[in-house]
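Hi,

Here is the structure for you to open alongside this email. My notes on what turned up follow below.

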Amino acid sequence: MLKATVNRDDLLRRVQIYAFSVHEAHLFLDTHPTDQAALAYFNKYNKLLEEATEEFEKQFGPLRVLDYEAPANKWEWVSEPWPWEMEA
C-alpha cells in the first residue's frame, strides 16, 4: 500500500506543479502574446498537465467537481476524502 500512496502523492504533486506552471505562463502570455518561447513553454506544460491529470483521475478519481458525474440518486462528491486528505 505504501507504493500506491507514494505514487498517488507523486501524481498529485505533478498535477500541482504543472497547473502552477500553466497558470503562470498564461498570465505572462496575457501581456506578451507573441512570445514564442512562452507559447512553447505553455504548450509543453499544458500537455504535461493534461497527461498527469488524466493519469491521476484514472487511478484515484476526479480532481475537479466539473469532471464528476453524479449518480442519479445521490450526490457522492463529498463522500470520499479530498485528494489532499488521503494519507498513508
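Let's start with a charged pair: the side chains of aspartate 9 and arginine 8 meet in a salt bridge at 3.6 Å, N to O. By salt bridge I mean a side-chain nitrogen of Lys or Arg within 4 Å of a carboxyl oxygen of Asp or Glu. Arginine 8 is buried, with a relative accessible area of 6%, while aspartate 9 is partly exposed at 38%. Here buried is under 20% relative accessible area, exposed is over 50%, and partly exposed is in between (1.4 Å probe, protein chains only). Arginine 8 also lies over the face of phenylalanine 60, 5.7 Å from the ring centre; that label needs NZ of Lys or CZ of Arg within 6 Å of the ring centre and within 35 degrees of the ring normal.

Before you go further, please note that this is a predicted model: local features need pLDDT of at least 70, side-chain atom pairs count only at pLDDT 80 or more, and totals for chains, interfaces and linings use all residues. Residues are numbered from 1 along each chain as its sequence is written, and side-chain values use heavy atoms, with hydrogens and water left out.

Now the overall picture. The protein has two helices and zero strands; these are DSSP runs numbered from the N terminus (helices H or I, at least four residues; strands E, at least two). Of its 88 residues, 23% count as buried.

The structure holds four salt bridges. Besides the one above, aspartate 10 meets arginine 14 at 3.9 Å, N to O. Those two are four residues apart in helix 1, so about one helical turn separates them. Arginine 14 also bridges to glutamate 55, at 3.2 Å, N to O. That pair links distant parts of the chain, with arginine 14 in helix 1 and glutamate 55 in helix 2, 41 residues apart. Through shared partners, Asp10, Arg14 and Glu55 join into one network. Arginine 14 counts as partly exposed at 25% relative accessibility, as does glutamate 55 at 29%.

What about the nonpolar side? The largest nonpolar core has nine residues: Leu11, Leu12, Val15, Tyr18, Val22, Tyr45, Leu49, Ala52 and Phe56. (A core is a set of buried Ala, Val, Leu, Ile, Met, Phe, Trp, Tyr and Cys residues joined through side-chain atoms within 4.5 Å.) Helix 1 (2–31) and helix 2 (36–60) each give two or more residues to this core, and helix 1 supplies the largest share, five residues. In soluble globular proteins, nonpolar side chains tend to be buried together.

There are three aromatic pairs as well. Rings of Phe, Tyr and Trp (its six-membered ring) pair if their centres lie within 6.5 Å; planes under 30 degrees apart count as stacked, over 60 as edge-to-face and the rest as tilted. Tyrosine 18 and tyrosine 45 have ring centres 6.0 Å apart and planes at 55 degrees, so this pair is tilted. Tyrosine 18 lies in helix 1 and tyrosine 45 in helix 2, so the pair ties together parts 27 residues apart in sequence. Tyr18 and Tyr45 also form one aromatic cluster with Tyr41.

Phenylalanine 56 and phenylalanine 60 make another tilted pair, with centres 5.1 Å apart and planes at 45 degrees. Phenylalanine 56 is buried at 1% relative accessible area, whereas phenylalanine 60 counts as partly exposed at 27%.

Cheers
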